[in-house]
Amino acid sequence: MMFLNVSRLVTILSICLFLFNCKDDESHSYEWKTLEVTATAYNSLPYQTNDNPFITAFGDSLKPGVRYIAVSRDLLKLGLTHNTLVQVEGLEGTYLVKDKMHYRWRNKIDIYMGTDVKLAKEWGRRKVNITYRVKKLKDSLQN
């Protein structure tokens, strides 16, 4: 009987340590970087994308009303990869990288605005600072 109670206690302690260590590691393994980019806006419309306007280049399904951005492919190398968290100057909330743009674009993001063409046109084209979350390099974790 005593063995069963000790075994349960060890299991519970192991689970707690695992959960707390994972959360602690996760919160300390990311950093935020800032970059100036050109920002435009796009919509889920065939004439702006292709014949599947709600499917991204990463294969995700877009949902109007959810905060997504597309990034130029040169930004992928800087850490703005699929599902990266991004804050866009002048906009509230946090966005997710869910799409990538054509190879011809450089240092650019495209903000997803569902099917609201008027809102996208109002945004226009502007230079903004973005702040994005990337994993820290292992070397910087040891310092």
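The protein has 4 helices and 6 strands. The model is predicted. Along the sequence, the elements come in the order α-β-β-α-β-β-β-α-β-α. Of the 143 residues, 30% count as buried.

**The barrel**

How do the 6 strands close up? They form a barrel in the order 1-5-2-4-3-6, and the pairing is mixed. On average, neighbouring strands of this sheet are turned by 45° against each other, direction ignored.

One pairing shows the detail. Strand 2 (residues 68-71) and strand 4 (residues 95-100) run parallel, and 4 bridges join them. Val71 has Lys100 of strand 4 as its bridge partner.

Contacts also span the sequence. Take those between residues at least 6 apart: 77% of them join residues at least 24 apart.

**The largest pocket**

Rolling a probe the size of a water molecule over the atoms shows where empty space is left. The largest pocket has a volume of about 430 Å³. Strand 1 (30-42), strand 4 and strand 5 (108-112) are the elements that each give two or more residues to its lining.

Which residues lie nearest the centre of the largest pocket? They are Gln48, Thr49, Asp99, Lys100 and Met101, out of 21 lining residues.

The lining splits by class as follows.

| Class in the lining of the largest pocket | Count |
|---|---|
| Nonpolar | 8 residues |
| Polar | 7 residues |

Note on methods: Residues numbered from 1 in each chain as written. Predicted model: local features only at pLDDT ≥ 70, side-chain atom pairs only at ≥ 80, totals over all residues. Heavy atoms only, no water. Pairing = 2+ DSSP bridges. Axes fitted to C-alpha atoms, helices over the stretch in contact; angles between N-to-C directions. 1 Å grid on protein atoms, 1.4 Å probe; cavity = no way out; pocket = protein on both sides within 12 Å on 5 of 7 lines; lining within 4 Å. Points joined across faces, edges and corners; volume = space filled by probe spheres on them. Nonpolar A, V, L, I, M, F, W, Y, C, P; charged D, E, K, R; others polar. Buried < 20%, exposed > 50% of the residue type's maximum accessible area, 1.4 Å probe, protein only. Contact = heavy atoms within 4.5 Å.
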